[in-house]
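Student: I would like to learn how to read the main features of a model like this one. Please show it and take me through it.

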Amino acid sequence: MGNGHREESSVTEYPREVVDLIKNPRYFGRMNDPDSSSYLRGPCGDAMEFYLVIDNGKIAEIKYYTDGCHPTRACAAMAAKLAEGKTVKEALSISAGEIISRLKGLPEDHLHCSILSVSTLYRAIADYLLKK
């Protein structure tokens, strides 16, 4: 919590496409009636949620919600962007490493945010698969 001000200013340190992803409301928010959802709290204290609408085995709609810092939000937004339109099986191949490589400028001390985002995404997919 104490470094919140540092996080606010650090968003401009990301490449433009990452800043746009963080600020874009397309993937951010909650869903009222998803096919599946998940919630995890990372060791850093950030909470993350994912919501999925799956149509014919593909992720037709995806949302995330987090109370976390900019790096957490960037990782979640990237995971959502990568998963949208993919089959459930394809989405399970999204890795923390892929998110890190696409988020140029992710600080070393926030690499765990990528793990939190894919873990929460995987949990939402598991929720869907277990309901089938």
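Student: What radius of gyration would a compact globule with 132 residues have, and what does the chain have?

Tutor: The radius of gyration is taken over C-alpha atoms, and the globule rule is 2.2 Å times the number of residues to the power 0.38. For 132 residues that rule gives a value near 14 Å, and the chain has 14 Å, which agrees. The C-alpha trace spans about 45 × 25 × 25 Å along its principal axes. Bear in mind that this is a predicted model: local features need pLDDT of at least 70, side-chain atom pairs count only at pLDDT 80 or more, and totals for chains, interfaces and linings use all residues. Residues are numbered from 1 along each chain as its sequence is written, and side-chain values use heavy atoms, with hydrogens and water left out.

Student: How many helices and strands does the chain have?

Tutor: Helices (H or I, at least four residues) and strands (E, at least two) are DSSP runs, numbered from the N terminus. Here there are 6 helices and 3 strands, in the order α-α-β-β-β-α-α-α-α along the sequence.

Student: Which residues have the most contacts inside the largest nonpolar core?

Tutor: A nonpolar core is a set of buried Ala, Val, Leu, Ile, Met, Phe, Trp, Tyr and Cys residues joined through side-chain atoms within 4.5 Å. Buried means under 20% relative accessible area, exposed over 50%, and partly exposed in between (1.4 Å probe, protein chains only). The largest core has 37 residues, and Phe50, Leu52, Ile62, Ile94, Ile99, Leu103 and Leu121 have the most contacts inside it. Elements that each supply at least two of its residues include strand S2 (47-55), strand S3 (58-66) and helix H6 (112-131). The largest share, 9 residues, comes from H3.

Student: Is Thr120 buried or exposed?

Tutor: Thr120, in helix H6, has a relative accessible area of 0% and is therefore buried. Contact means heavy atoms within 4.5 Å. Leaving aside neighbours within four places in sequence, Thr120 is in contact with Ser38, Tyr39, Leu40, Met48, Glu49 and Phe50.

Student: Where is Leu106, in terms of helices?

Tutor: Leu106 is in the loop between H5 and H6. Its relative accessible area is 10%, so Leu106 is buried. Not counting residues up to four places away in sequence, Leu106 touches Tyr14, Pro71, Cys75, Ile100 and Leu111. Leu106 and Cys75 are 31 residues apart in sequence, with their C-alpha atoms 8.8 Å apart.
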